[in-house]
Every structure is written in structure tokens, then in C-alpha cells.
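The structure under discussion is shown next.

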Amino acid sequence: MPTQDKTRRLPSQSISQDITSLHGLQTISTYNTTRADASVTNLQQAYQTMLAQQQAETEKLTLYRAAADAARLAEWEFHNAVLAMKEVIRGQYGSDSDQAQAVGLKKKSDRKRPSRKRSVAMA
């Protein structure tokens with residue numbers, strides 16, 4: 001049997017089939033094995049552990065999504081506040097001031113003047 005890559009998730013179809021197999025095993029009253037990992041008790045415990053871990057994952061994923069949304073909104077609020085501050089700096093000190101340059105704006109006098117496009121003579 002090839003080695004199992006436990007770093008990837010099992011497809012949901014495989015898990016669904018495994019659950020169906022477990023439910024089917026519960027109808028077999030004569031099932032008995034010497035393998036500890038295949039015992040009914042171990043299967044039930046592994047199933048309950050899987051359900052608990054899936055629930056924990058779902059709860060944490062929900063918390064993660066909520067935290068990500070809150071962080072995204074905070075980033076936008078900060079960005080909009082900085083844009084408002086830059087507008088105030090431009091209005092209060094002017095577009096060509098050192099204060100405007102200090103907050104990351106380009107001085108109006110530092111901008112390259114547009115050059116005229118030469119018209120191409122038609123032959």
C-alpha cells in the first residue's frame with residue numbers, strides 16, 4: 001500500500017462513503033476483530049473525534065472570517081482617513097508646499113510639464 005499523504009484533505013465524497021460504511025457496520029451484530037484500529041469502539045471514537053474537530057474548524061473559520069472582515073473594514077477606514085488628511089494638507093498648505101511633500105504628495109512644481117506632440121506632416 002502506498003504511503004498516505006496526510007497533508008491534503010480527503011475529498012468529501014470519501015468521508016461520506018466512510019460514514020455510510022460505519023452506519024452499515026452497525027447493522028452487523030456478529031462483527032468481531034482482533035485489530036484494535038478496526039474495532040467498533042475505535043471506529044465510533046474516531047467518528048466522534050472527527051465530528052468534534054470539524055465543528056471546531058467551522059467555529060474557528062467563522063471567527064477567522066469575522067476577524068478578516070473587521071480588519072478589512074479597519075484598513076479601509078484608515079485609508080479613507082489618510083486620504084482626507086491629504087486633502088486637508090493640500091487645502092491648508094497648498095499643492096506646492098513642503099508639508100504636502102512631507103505626507104507623500106508630489107509638489108506641483110516637481111511635476112514634469114506636458115510636452116507638445118509634434119504633428120506629423122502628411123506626405
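A contact means heavy atoms within 4.5 Å. On that basis, residues 24 or more positions apart account for 19% of the contacts in the protein chain with a separation of 6 or more. The model is predicted: local features need pLDDT of at least 70, side-chain atom pairs count only at pLDDT 80 or more, and totals for chains, interfaces and linings use all residues. Residues are numbered from 1 along each chain as its sequence is written, and side-chain values use heavy atoms, with hydrogens and water left out.

**Fold and dimensions**

- The protein chain contains three helices and zero strands, where helices (H or I, at least four residues) and strands (E, at least two) are DSSP runs numbered from the N terminus.
- Read from the N terminus, the order of elements is α-α-α.
- Along the principal axes, the C-alpha atoms of the protein chain occupy a box of roughly 95 × 55 × 25 Å.

**Surface and burial**

- Buried residues make up 7% of the 123 in the protein chain (buried means under 20% relative accessible area, exposed over 50%, partly exposed in between, with a 1.4 Å probe and protein chains only).
- The protein chain exposes about 11,400 Å², of which carbon and sulfur atoms supply 54%; accessible areas come from the Shrake-Rupley method with a 1.4 Å probe, and for residues only the protein chains shown count as cover.

**Charges and salt bridges**

- Side chains of opposite charge can pair when their charged atoms come close.
- The structure holds four salt bridges, each defined as a side-chain nitrogen of Lys or Arg within 4 Å of a carboxyl oxygen of Asp or Glu.
- Aspartate 37 is bridged to arginine 35 at 3.0 Å, N to O; aspartate 37 is partly exposed at 47% relative accessibility, whereas arginine 35 is exposed at 53%.
- Arginine 72 and aspartate 69 form a salt bridge whose closest N and O atoms are 3.3 Å apart. Both residues lie in helix α2 (residues 40–93), three residues apart, about one turn of the helix. Arginine 72 is partly exposed at 39%, and aspartate 69 is partly exposed at 38%.
- Aspartate 98 and lysine 107 are joined by a salt bridge of 2.7 Å, N to O; lysine 107 is buried, with a relative accessible area of 16%.
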